[in-house]
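Keep the sequence and the 3D view open while reading.

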Amino acid sequence: MQQFRGSALSWTLRDGVIELALHREPCNEIGSLTLDELEKFVSALEKTAGQVHAVIIYSSLSCGFSAGDDLGELYERSQEMGRGEAVKSVREFLERIHRVMNTIDAAEVTTIAAVHGVTFGGGFELALVCDLIIADKMARFCFPELRLGLIPGFGGIPRLKRDLGNAVVRDLLLTGRSFNAAKAQALGLLSQVVGEGQALRVARATAAQIGKFDPRTAVAAKRFIKPIPYEELKREIDIFCELFTEPAVEAGLRKFVESKDAQPYLP
C-alpha cells in the first residue's frame, strides 16, 4: 500500500508510517464516497503487518479535520426512498462505517489524529478511534447531531464513555455545544495541544519517537488499555435508526440542506 490517491482521501507509506490525508471539499464530509475509500484503506492496512508502526490521519483542507456525516446525502436517502428502505439503507451505511472505525480502533499500530479547525460529528468520531489526538489550538469539537434530532452514529458515544466517562458525554449530547482544544485537553481527550498549523508536524515527530521502540509492547499495551465496546456500538446503531424515522429529523435535515450559510454545520 505504498500510496493511493482518491477523490476523498489519499495515503502514503514511508519509513514505517502511513499518512492518511482527508481532502474532500467542502470540509471532509463523510458519505458514501469517503466510506468507499476508507474501506479500501483499512483493507490495505490489514496487509501491512510488520511494515508499519504508526498511522497519522489528518486533513489537508483549511476548514478543519472534518465536519462529520454528509447530511445532504442523508437527507436524500430520506426523500428518495420509502421509510423502511431509507432506514435499511442508513443501517447498512452505519454498519459499514462501524466496521471501518472498529478496524482502525483495534489496529496493531499506534494511530494518531492530527486535527485542526472543525472536528465535528463523524469527524470527531473518526478522531476518537485513534490512540492519540494531537490538536492545534484552533480546533473545536462538537456533536451537533442533537440539533437534527439524532445522536452520533459512528461510534462516538461508547468511545467517549470509554475514554472520558459519562459526564462529558452527557454535556456534549444534551447541550449540543462545542468546546475548544484547551477544554478538550483539560478533560483528558487530547495528548497534546500545539500551535496553529503545527498538528501534523508534531504528529510526525511523535510517530518517529514511537518507531524507536519494539512495536509488540505498544500492541500489548493497547489491547490492555483500549477495549472496544462492541455491544454498546451495536446499540448506538439501533438508537440512531429508531430516531431517523422521526419527523423532527427530516425537518432538521431539510433546514440544513436549504441553509444559505457557508458553513451550516457550525453551532
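## The model

This is a predicted model: local features need pLDDT of at least 70, side-chain atom pairs count only at pLDDT 80 or more, and totals for chains, interfaces and linings use all residues. Residues are numbered from 1 along each chain as its sequence is written, and side-chain values use heavy atoms, with hydrogens and water left out.

Helices (H or I, at least four residues) and strands (E, at least two) are DSSP runs, numbered from the N terminus. Strand S3 spans residues 17-22, and six of its six residues are buried, so the strand is largely enclosed by the rest of the structure. Buried means under 20% relative accessible area, exposed over 50%, and partly exposed in between (1.4 Å probe, protein chains only).

In a regular strand the side chains alternate between the two faces of the sheet. Both faces of S3 are covered. Val17, Glu19 and Ala21 are buried on one side. Ile18, Leu20 and Leu22 are buried on the other.

Strand S2 (residues 9-14) runs antiparallel to S3, joined by six bridges. Two strands pair if DSSP finds at least two bridges between them. Trp11 stands opposite Leu20 in S3. Two residues lie between the strands of the S2 and S3 hairpin, where Asp15 takes a positive phi near 55°.

Strand S4 (residues 54-59) runs parallel to S3, also through six bridges. Here Glu19 has Ile56 as its bridge partner in S4.

## The open sheet

Four strands form an open sheet in the order S5-S7-S9-S10, with mixed pairing. Strands S5 (64-66) and S10 (179-180) stand at the edges, each with a single partner strand, so one side of each is left without a neighbour in the sheet. S5 and S7 (residues 118-120) run parallel and are joined by two bridges. Ser66 has Thr119 as its bridge partner in S7.

## Aromatic pairs

The structure holds seven aromatic pairs. Rings of Phe, Tyr and Trp (its six-membered ring) pair if their centres lie within 6.5 Å; planes under 30 degrees apart count as stacked, over 60 as edge-to-face and the rest as tilted. Phe4 and Trp11 form a stacked pair, 4.5 Å centre to centre with 20° between the planes. Phe4 is partly exposed, at a relative accessible area of 22%. Trp11 is buried, at 4%.

Phe124, Phe141, Phe143 and Phe179 form one aromatic cluster.
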